[in-house]
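Dear colleague,

I am passing on the structure below, and after it I set out what was found. Please read the notes alongside the coordinates.

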Amino acid sequence: MTDANEPEQVTPGVESADDLAPLDRLRHNWRSAWQVPTLGVAVVLLVLGVYYAFSTAPKPDLRPPLDRADHLIANGDGEGALEVLKQAKLHKYMDEKDLPASIRQRYHLAVARAVYIAQLELGLDLEDNHRTVLSNALEAERAGAYLGGDDLFRLADTYLSLGEFTPARVRADEIPDTHAQRRVELHKRLVDAWLALPNPRTDEAMDLLASMLADPGLPGEDHAWAINRQTKIRLSQGYADEAITRLLRAMPRLEGLAPESLGELHLLLGRAYVEVGAWDEAQRQLETATGLIASDHALQGDAVYHLALIDVERSDVTSSRERLVEVIDRYPDSAFLARAVLLLGETEAALGDTEASRASYARLVEMLAASEPGVGPTRDEATRSMLARSRERLEQGDVEDTLAFATLAKGMYALSETPSEVLAALALGHERTAHALLGEQAGGSADPAAHDPSTRAEAQRHLISAATYYRLHADKHILTDNDQYARSLWASADLFDRAGDTHEAVDAFRAYAEGVPGTGKNAEARFRLGRAFQAMRDYTTSASYFRELIDEQRDGVGADVGPFADRSYVPLAQVLLADEDEANDTEAEELLRRVVGGALGDARTPEYRGALLALGDLLYKTQRYERAIELFEEARARYPDVDGINLIRFRLADAYRLSARALQDTLSGEAMPDSRRREMEGLVRERRQAAVAGFEQVRAGLEGTDPRRRTTLETVYLRNSYFYLGDLAFEMGEYQEAIRQYDRARERYPDDPASLVAMVQIVNAHLESDDKERARTANERALRFFNSMPDEVWDDPALPMGRKEWERWLRASSRLYAGGQATTE
């Protein structure tokens with residue numbers, strides 16, 4: 001059962017609002033929060049009782065319990081007063097119409113006073129208890145009670161605790177002069193509360209301060225306090241000149257101040273002089289302040305910080321650094337601690353101590369995250385400072401610290417709220433770091449393939465990070481700055497593409513192609529989309545982009561299309577050859593022949609070179625070796641220093657090898673005049689010798705490169721060069737040379753399944769040399785090696801062990817163990 005006259009309380013840990021009576025719940029909260037000892041027996045419900053007993057019994061005299069409660073309140077025992085009121089169950093009588101007004105007034109005042117005092121006794125600050133104080137004090141006032149100075153103080157203080165500043169000001173102003181000091185205490189707390197708001201209510205604070213200073217009876221210390229707060233407000237608003245004028249006029253009138261109070265005014269005057277750049281006057285006032293303020297007081301730190309600012313302005317960064325270290329080490333409670341840490345980071349950077357500067361900024365990030373800025377700096381100020389350091393390091397070519405300072409700035413924000421400037425700095429830092437990694441080991445080359453896998457992987461991570469931040473930066477400007485959006489989106493697409501993140505590159509290039517029409521890079525975006533889809537083996541989509549560019553060039557659409565239309569011929573041919581539609585292979589060959597024929601430029605153009613190699617590959621794969629040889633020879637002669645020259649040499653050598661084999665097959669299968677036969681045999685010999693020379697050149701060239709930098713294809717070509725040199729010696733009947741070459745291949749690749757080819761051919765070479773004993777030994781070794789390998793390794797199409805090689809081994813085994821004659825074809 002509850003009563004409207006008894007205020008509701010909220011009690012942590014109680015499931016139902018009816019579990020405890022309001023005053024019991026109030027006490028329960030006190031015990032839960034402070035774990036105070038249980039006070040006597042458990043408090044029973046103030047509202048609990050048998051209504052019948054009260055309705056039929058004679059009315060008791062309510063004044064004695066009120067007298068006892070008032071006496072306890074006067075002695076500061078709020079909890080005892082609440083106990084008396086509870087025991088007397090006075091609230092049951094508050095709704096009776098014939099209850100004397102004085103009793104009702106006294107009861108509500110007693111509850112308000114007792115709850116207020118009890119909270120203070122127990123160090124609590126619970127909203128429900130504040131509401132109880134308010135409701136009962138106002139009810140007493142409505143009942144006609146006079147609120148004296150102490151009651152008005154409690155009422156105003158309660159409003160202030162609830163953050164209800166306007167009624168707090170009204171009630172504080174009502175406090176009579178007999179309690180002037182309590183009124184001043186509330187005014188001071190109200191000013192500080194206004195100024196502590198996220199958006200300080202400076203106008204109201206200045207109005208109240210003016211009212212305080214207009215009071216001729218305001219004590220000197222409080223007068224100084226009000227001037228102090230006025231000055232701080234003026235400084236925060238940028239009115240340093242006015243602050244100086246007001247302080248200079250006010251300070252001579254202040255007499256008998258404590259050294260700390262006077263010292264803080266000198267400190268504020270020094271700060272104002274710093275703001276206007278009056279360095280000598282500022283230094284005098286700050287040094288006066290340090291002489292008045294206790295040496296261990298936090299205000300000393302404020303003064304020393306501003307002296308450090310003066311040192312910076314005078315270019316005495318060494319002295320500034322010493323003062324800032326003093327602030328940080330000795331005055332951790334200084335309101336300017338965070339600013340000191342920021343300035344120390346800047347000072348250390350100016351002194352060239354980048355590592356220490358980074359450490360200071362890292363500490364500042366932690367302070368801001370913990371909401372410890374004091375009077376600043378704001379997060380924006382810290383960000384601007386860190387980005388300035390990032391730019392400085394970039395100008396010095398220090399990419400590591402360029403990125404480090406940008407990353408520190410990023411640490412103050414969630415990704416979604418990261419400022420555009422920070423995203424740009426991060427993107428640039430990661431991009432330059434990738435460039436540095438790719439340029440350190442190859443004379444500035446930005447080609448990832450020119451570096452070892454570890455460097456490539458690290459550079460790739462930075463490229464992807466840079467691309468990601470550029471994309472986020474672009475998104476920040478999508479509605480506000482079209483040019484910046486386009487630049488950042490392009491940078492993102494380009495870097496994703498260079499990093500090998502094809503899916504992200506496609507997304508960004510597509511956004512550019514569709515969202516930034518009519519620019520010089522639109523055609524390039526579509527061209528690179530075609531290349532990206534080609535890499536993803538989506539040949540239909542890839543071909544559509546290339547055809548579109550070629551068609552636009554033919555139709556005269558778009559001024560920027562030309563170069564990329566020219567560049568589209570070779571990749572269009574490549575995707576037509578790579579798709580499953582053999583019907584368009586003829587078109588592909590025609591495209592390549594057109595380029596090689598000079599339709600798009602002479603042999604110096606990259607389009608010609610690409611078409612020359614692509615057409616050579618096509619002819620090589622379609623067994624038109626003579627024409628393939630012509631094209632590869634031209635490529636080798638024209639582009640001796642081109643990247644991938646060893647791949648060109650390998651294909652040329654292999655074209656010679658396969659051409660010789662095809663000619664040998666013709667010799668073995670056709671009847672022809674002796675003159676023709678001798679001519680073809682000479683040609684076979686020449687091509688095999690050319691193949692040998694080519695493979696030896698490939699082997700020497702690739703063995704001379706760092707294994708960590710070889711591509712997968714280069715690794716395969718190097719391996720195959722070893723084995724093909726053995727094959728060529730065997731085919732030319734040079735069996736001892738063949739054994740030597742095969743042994744060399746086997747030793748070079750002892751664990752490679754391809755070594756079985758060498759072992760089998762060694763068997764055949766011994767047989768052809770009529771050395772069956774060595775042939776059997778070699779064959780047993782080949783069998784052991786074969787049995788040591790899992791079956792699936794033989795399914796690799798890149799192995800030089802095709803059906804013909806398996807058949808050759810079977811024939812050799814038959815000859816060894818059955819006495820038959822083996823062939824070498």
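In this predicted model, the axes of helix α24 (residues 502-515) and helix α25 (residues 522-535) come within 9 Å and cross at roughly 150°, where axes are lines fitted to C-alpha atoms, for helices over the stretch in contact, and angles run from 0 to 180 degrees between N-to-C directions. The two helices α24 and α25 are therefore roughly antiparallel to each other, given that angles under 35 degrees count as roughly parallel, over 145 as roughly antiparallel, 65 to 115 as roughly perpendicular and the rest as oblique. The crossing of α24 and α25 is left-handed, a term used if the near helix is turned anticlockwise from the far one by less than a right angle, with right-handed if clockwise. On the α24 side, Thr-502, Val-506, Phe-509, Arg-510, Tyr-512 and Ala-513 meet Asn-522, Ala-525, Arg-526, Arg-528, Leu-529, Ala-532 and Phe-533 of α25, contact meaning heavy atoms within 4.5 Å. By class, the residues of this contact divide into eight nonpolar, two polar and three charged (Ala, Val, Leu, Ile, Met, Phe, Trp, Tyr, Cys and Pro count as nonpolar, Asp, Glu, Lys and Arg as charged, and the others, Gly among them, as polar).

As to provenance, residues are numbered from 1 along each chain as its sequence is written. Because the model is predicted, local features need pLDDT of at least 70 and side-chain atom pairs count only at pLDDT 80 or more, while totals for chains, interfaces and linings use all residues; side-chain values use heavy atoms, with hydrogens and water left out.

Buried residues make up 48% of the 825 residues, where buried means under 20% relative accessible area, exposed over 50% and partly exposed in between, with a 1.4 Å probe and protein chains only. Among contacts between residues at least 6 apart in sequence, 58% join residues at least 24 apart.

Nine of the twelve residues of α20 (residues 399-410) are buried, so α20 is largely enclosed by the rest of the structure; among them are Asp-401, Phe-405 and Lys-410. In α22 (residues 453-476), the buried residues include His-462, Tyr-469, Tyr-470, Arg-471 and His-473.

His-266, in helix α13 (residues 259-276), is buried, with a relative accessible area of 16%, and, leaving aside its neighbours within four places in sequence, His-266 is in contact with Met-251, Gln-285, Thr-288, Ala-289 and Leu-292. Glu-633, in helix α31 (residues 625-638), is partly exposed, with a relative accessible area of 22%; with the neighbours within four places again left aside, Glu-633 is in contact with Leu-652 and Tyr-656.

With best wishes

Technical notes
Helix = DSSP H or I, 4+ residues; strand = E, 2+ residues; numbered from the N terminus. Expected span 1.5 Å × (residues − 1).
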